[in-house]
Amino acid sequence: MNDSLWGRLSAGDQREVDQLITAGRHIQAIALMRERAGPPQADLHDCVDLMEQRANVLRGQAGRAAR
């Protein structure tokens, strides 16, 4: 995972990103990352990569919870 970008987000922002991803609002999650990661502004490609990584993590958690 892009730990440096994820680590630049507050815990609240991380939760909000995860909620947006879970709701299928990927563009909004990426926009939030770019807005709130602080200077310098996060690269769009890094945000997309992180969004995909978080989506995979969240899918894995949902799969384990369903068992």
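1. What radius of gyration would a compact globule with 67 residues have, and what does the chain have? A compact globule with 67 residues would have a radius of gyration near 11 Å, and the chain has 12 Å, which agrees. The radius is taken over C-alpha atoms, and the globule rule is 2.2 Å times the number of residues to the power 0.38. Along its principal axes, the C-alpha trace spans about 40 × 20 × 20 Å.

2. Before reading further, please note that this is a predicted model, in which local features need pLDDT of at least 70 and side-chain atom pairs count only at pLDDT 80 or more, while totals for chains, interfaces and linings use all residues. Residues are numbered from 1 along each chain as its sequence is written, and side-chain values use heavy atoms, with hydrogens and water left out.

3. The chain holds four helices and zero strands, and its pattern along the sequence reads α-α-α-α. Helices (H or I, at least four residues) and strands (E, at least two) are DSSP runs, numbered from the N terminus. Of the 67 residues, 33% count as buried, where buried means under 20% relative accessible area, exposed means over 50%, and partly exposed lies in between (1.4 Å probe, protein chains only).

4. A search of the whole structure finds three salt bridges, a salt bridge being a side-chain nitrogen of Lys or Arg within 4 Å of a carboxyl oxygen of Asp or Glu. One of them pairs arginine 36 with aspartate 13, with the closest N and O atoms 2.8 Å apart. This pair links distant parts of the chain, since arginine 36 sits in helix α3 (residues 26-36) and aspartate 13 in helix α2 (residues 11-22), 23 residues apart. Arginine 36 is partly exposed, at a relative accessible area of 37%, whereas aspartate 13 is buried, at 11%.

5. Arginine 36 also meets the side chain of glutamate 16 in a salt bridge (3.0 Å, N to O). Here too distant parts of the chain are linked, with arginine 36 in helix α3 and glutamate 16 in helix α2, 20 residues apart. Glutamate 16 is partly exposed, with a relative accessible area of 31%.

6. Arginine 54 forms a salt bridge with aspartate 18, and the closest N and O atoms are 2.7 Å apart. Because arginine 54 lies in helix α4 and aspartate 18 in helix α2, the pair ties together parts that are 36 residues apart in sequence. Arginine 54 counts as buried at 10% relative accessibility, and aspartate 18 counts as buried at 14%. As for shared partners, salt bridges join Asp13, Glu16 and Arg36 into one network.

7. Asp43, Asp46, Asp49 and Glu52 form a negative surface patch. Patches are made of residues with over 30% relative accessible area and no salt bridge, with like charges joined within 9 Å and nonpolar side chains (Val, Leu, Ile, Met, Phe, Trp, Tyr) within 5 Å. Lys and Arg count as positive and Asp and Glu as negative, while His and the chain ends are not counted. Aspartate 46 lies in helix α4 (residues 44-66) and is partly exposed, with a relative accessible area of 32%.

8. Finally, isoleucine 27 is found in helix α3, and this residue counts as exposed at 68% relative accessibility.

Conventions. Accessible areas come from the Shrake-Rupley method with a 1.4 Å probe; for residues, only the protein chains shown count as cover. The place of a charge is taken as NZ of Lys, CZ of Arg, CG of Asp or CD of Glu.
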